[in-house]
Amino acid sequence: MLIFIKDSQDRGRSIGVMIRVWLTALIVFALCACAVTTERASLTAEPSPAERGRTFATRICAECHAVADGEPASPNFSATPFETIANTPGMTRIALNAWLHTGHPTMPNVQVDQDETDDLWAYLLTLRD
Ligand code: HEC
């Protein structure tokens, strides 16, 4: 009788241990799944407008303008650095758009569409002091 009780207590305890092991495994698995999902999400995440703007500026405008944050001088000395443009009082998205769509003798017709202007503007805002 005594042996039987001890036996069933043991069995009860070992079932408890099994449940705990399973629960731990389940939690670990859930955490891993979360981590993988988050990582995958950040890998496929679309670049932000400011990131697209920076890429565009680096590709198209950097030939003449200093486009990076803190870059002091432009390759073309008469082209204002983007940081200065960003901090020019009165410079707005509309002003930028107007500048980009009115031909300028010293700035050969750079084709920039509305989406690209939005992205450039988002990037310029990151350069504001
Ligand atoms: C081939 C050279 C060249 C390229 C490429 C170029 N620019 Fe310029 N940009 C200039 C020059 C030179 C000036 C100064 C013109 C002036 O003030 O008469 C200028 C002026 C500007 C200004 C006005 C700055 C101010 O002083 O207020 C803006 C805004 C501007 N550029 C934006 C851009 C953007 C955005 C791009 C890329 C899409 C770009 N530029 C590409 C040469 C260039």
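First, the ground rules. Residues are numbered from 1 along each chain as its sequence is written. The model is predicted, so local features need pLDDT of at least 70 and side-chain atom pairs count only at pLDDT 80 or more, while totals for chains, interfaces and linings use all residues.

Let's start with the overall layout. The chain has five helices and zero strands. Read from the N terminus, the order is α-α-α-α-α. Helices (H or I, at least four residues) and strands (E, at least two) are DSSP runs, numbered from the N terminus.

Next, burial. A residue is buried if 20 or more other C-beta atoms lie within 10 Å of its own, exposed if 12 or fewer, and partly exposed in between; the C-beta atoms are placed from the backbone. Of the 129 residues in the chain, 13% are buried.

Now contacts. Two residues are in contact if their C-beta atoms, placed from the backbone, lie within 7 Å. Take the contacts between residues at least 6 apart in sequence: 53% of them join residues at least 24 apart.

On to the core. In soluble globular proteins, nonpolar side chains tend to be buried together. A nonpolar core here is a set of buried Ala, Val, Leu, Ile, Met, Phe, Trp, Tyr and Cys residues joined through C-beta atoms within 7 Å. The largest one has 11 residues, among them Ala57, Phe82, Trp121 and Leu127. Two or more residues come from each of α2 (49–61), α3 (82–86) and α5 (114–126). Helix α5 gives the largest share, four residues. And what does Leu127 touch, leaving out residues up to four places away in sequence? Asp69, Phe82, Glu83 and Ala86.

Then the ligand. It is surrounded by 22 residues, and the closest are Cys61, Cys64, Ala79, Thr80 and Thr106. Near means a C-beta atom, placed from the backbone, within 6 Å. Helices α2 and α4 (93–101) each give two or more residues to this shell. By class, the shell has 14 nonpolar, seven polar and one charged residues. Ala, Val, Leu, Ile, Met, Phe, Trp, Tyr, Cys and Pro count as nonpolar, Asp, Glu, Lys and Arg as charged, and the others, Gly among them, as polar.

Last, two single residues. Ile94 lies in helix α4. Is Ile94 buried or exposed? Exposed, because Ile94 has 10 other C-beta atoms within 10 Å. Its C-alpha atom is 9.4 Å from that of Thr117, 23 residues apart along the chain. Asp113 sits in the loop between α4 and α5. Asp113 is exposed, with 10 other C-beta atoms within 10 Å.
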